[in-house]
Amino acid sequence: MNTNQATISHERTVSAPSGWVMLPTLIVLLIGDVALIVLAIKDGAETTGQPHIGLLIPSLLLLPILSVLLSGFFTLQPNEARVLVLFGDYKGTVRNSGFHWGNPFYTNGPRPMGVFAQAAEMQSKLAGMKAGTASSSRKSLGRNKISLRARTLNGDKLKVNDKRGNPIEIAAVVVWRVGDTAQATFDVDNYENYVSTQSESALRHLASLYSYDYGEEHEITLRSNVGEVSQALRAELQERLAKAGVVVDEARLTHLAYAPEIAQAMLRRQQAEAVIAARQKIVQGAVSMVDMALRELAEKHVVVLDDERKASMVSNLMVVLCGEAEVHPVINTGTLYN
């Protein structure tokens, strides 16, 4: 039997008693218990000279019990849930918003973070201080409450190598939410740090699978196929974060550029390829225009040209159409051979 395999938790949705019913009930019981204590002391003193022990002791024992029961009230806002844990046993998750009452012995305090989670949080705070940004610590909801709202993780710029080994800078934004509260609470130490770490790891792995640009024919690249790359990133993140009960709603690239050390070289390459593409377009247009001119002259019998004159005409037209400088016409009053 493999005892090292972690148990996968699954959420069980339960309902809690309404707090608006339990609150007046407990208040009435508390007032009645206090009245019973007063009655036991007063009536006993008047009749026998000592309190009624049979009434006083149960009333005194009931008083702390009612006080403890009054601590079981809790509220849930929309898109908020509470994980119910009783003496280490998972009892279910309450998802209905409103005023509720539960067993006072349900775990009320925030779940303590492990050593590695604390180290990761401290490292993120130090990184935020070095970057000059305000590092705001996550506000603990307490009472094992978990927010079900959509959250945005705006990742930092990462320097990685693409498929061809070129150093690039890449960053992504991830929109995620908690889908299974039991997995988020029990299957990972701190699901928020888990999301942050796995998002960075997935982005680094994704960047190594694609070229930045200039791939082979029909090859997906990071710059030219942002939609396909974002879908692949979302699929990989969903696979990684499923263990923490997290649902990835959206993941897309927010920054993509060559690393500074090769940016200038790649810029010159892009400029050269742009010039070559423009030249190819100009030549294709010029050839089609020369062909149209020769065909029109022949069909309309404007002039009859032999092969040598056609070659001269084609040469002149190509110079005019493909040249960058302004062309100055020259009138030839002689013939082609003089």
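Guide: F87 sits in the loop that joins β2 to β3 (89-94), where strands are DSSP runs of E of at least two residues and helices are runs of H or I of at least four, numbered from the N terminus. This is a predicted model, in which local features need pLDDT of at least 70 and side-chain atom pairs count only at pLDDT 80 or more, while totals for chains, interfaces and linings use all residues. Residues are numbered from 1 along each chain as its sequence is written, and side-chain values use heavy atoms, with hydrogens and water left out.

Visitor: Why is F87 called exposed?

Guide: Exposed means over 50% relative accessible area, buried under 20%, and partly exposed in between, with a 1.4 Å probe and protein chains only. F87 has a relative accessible area of 68%, and is therefore exposed. Its phi, near 50 degrees, is positive although F87 is not a glycine.

Visitor: What makes N79 partly exposed?

Guide: N79 has a relative accessibility of 48%, so it counts as partly exposed. N79 lies in the loop between β1 (73-76) and β2 (80-86), and, without being a glycine, it has a positive phi of about 60 degrees. Most residues other than glycine have a negative phi.

Visitor: How do you know that K145 has no salt bridge?

Guide: A salt bridge requires a side-chain nitrogen of Lys or Arg within 4 Å of a carboxyl oxygen of Asp or Glu. For K145, which is buried, the nearest side chain of opposite charge is E80, 4.1 Å away, and no salt bridge is found. The side chain of K145, a residue of strand β5 (residues 145-147), does reach the backbone oxygen of T75 at 2.6 Å.

Visitor: How do you know which stretches call for caution?

Guide: The predictor's confidence in each residue is given by pLDDT, from 0 to 100. The protein chain averages 81, with 79% of the residues at 70 or above, but pLDDT stays under 50 over residues 111-117 and is below 50 over residues 128-139. Where pLDDT is low, the predicted coordinates should not be read in detail.

Note on methods
Lys, Arg positive; Asp, Glu negative; His and termini not counted. Polar contact = N/O pair within 3.5 Å; in protein donor to acceptor, adjacent residues only side chain to side chain. Contact = heavy atoms within 4.5 Å.
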